[in-house]
Amino acid sequence: MTAWVHGHVQGVGFRWWTRSRALELGLVGYAANQADGRVLVVAEGTETNVRRLLELLRGGTTPGSVDLVVEEFGAPVGDLTGFAER
């Protein structure tokens, strides 16, 4: 899954929070700040756990304030290890 998270999500611990939730779910990928203020989240793992992370991103308990999450699902690339903050 690739998700673009819109809102006040930079400088508030959002990437760290996302990384922690992803690792708890056994996902690999990364969360990266974007120049336009969004955070890009790329996550691979079981469909159930990837969808759970998406629910958490939209769930209202994230640091900062999430206004919108736009996701795209595709075939896993398979070359990711761990979950990084970029």
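Two strands are taken to pair if DSSP finds at least two bridges between them. In this predicted model, four bridges join strand S1, residues 2–8, to strand S3, residues 39–44, and the two strands run antiparallel. Within this pairing, valine 5 stands opposite valine 39 in S3.

The sheet to which these strands belong is open and has five strands in the order S4-S1-S3-S2-S5, with mixed pairing. Strand S4 (65–72) and strand S5 (83–85) form the edges, and because each has a single partner strand, one side of each is left without a neighbour in the sheet. From one strand to the next, the twist averages 15°.

Two helices are found to pack on the sheet, and their contacts may be described in turn. Helix H1, comprising residues 14–24, touches S1, strand S2 (28–33), S3, S4 and S5, and its direction makes about 175° with that of S5. Helix H2, comprising residues 47–58, likewise packs on the sheet, where it touches S1, S3 and S4, and the direction of H2 makes about 155° with that of S4.

A search of the whole structure finds one aromatic pair. Arginine 51 lies over the face of phenylalanine 73, at 4.3 Å from the ring centre, while the charged end of arginine 86 is placed over the ring of tyrosine 30, at a distance of 3.8 Å from its centre.

Note on methods: Residues are numbered from 1 along each chain as its sequence is written. This is a predicted model: local features need pLDDT of at least 70, side-chain atom pairs count only at pLDDT 80 or more; totals for chains, interfaces and linings use all residues. Side-chain values use heavy atoms; hydrogens and water are left out. Rings of Phe, Tyr and Trp (its six-membered ring) pair if their centres lie within 6.5 Å; planes under 30 degrees apart count as stacked, over 60 as edge-to-face and the rest as tilted. A charge sits over a ring if NZ of Lys or CZ of Arg is within 6 Å of the ring centre and within 35 degrees of the ring normal. Axes are lines fitted to C-alpha atoms, for helices over the stretch in contact, and angles run from 0 to 180 degrees between N-to-C directions. Contact means heavy atoms within 4.5 Å.
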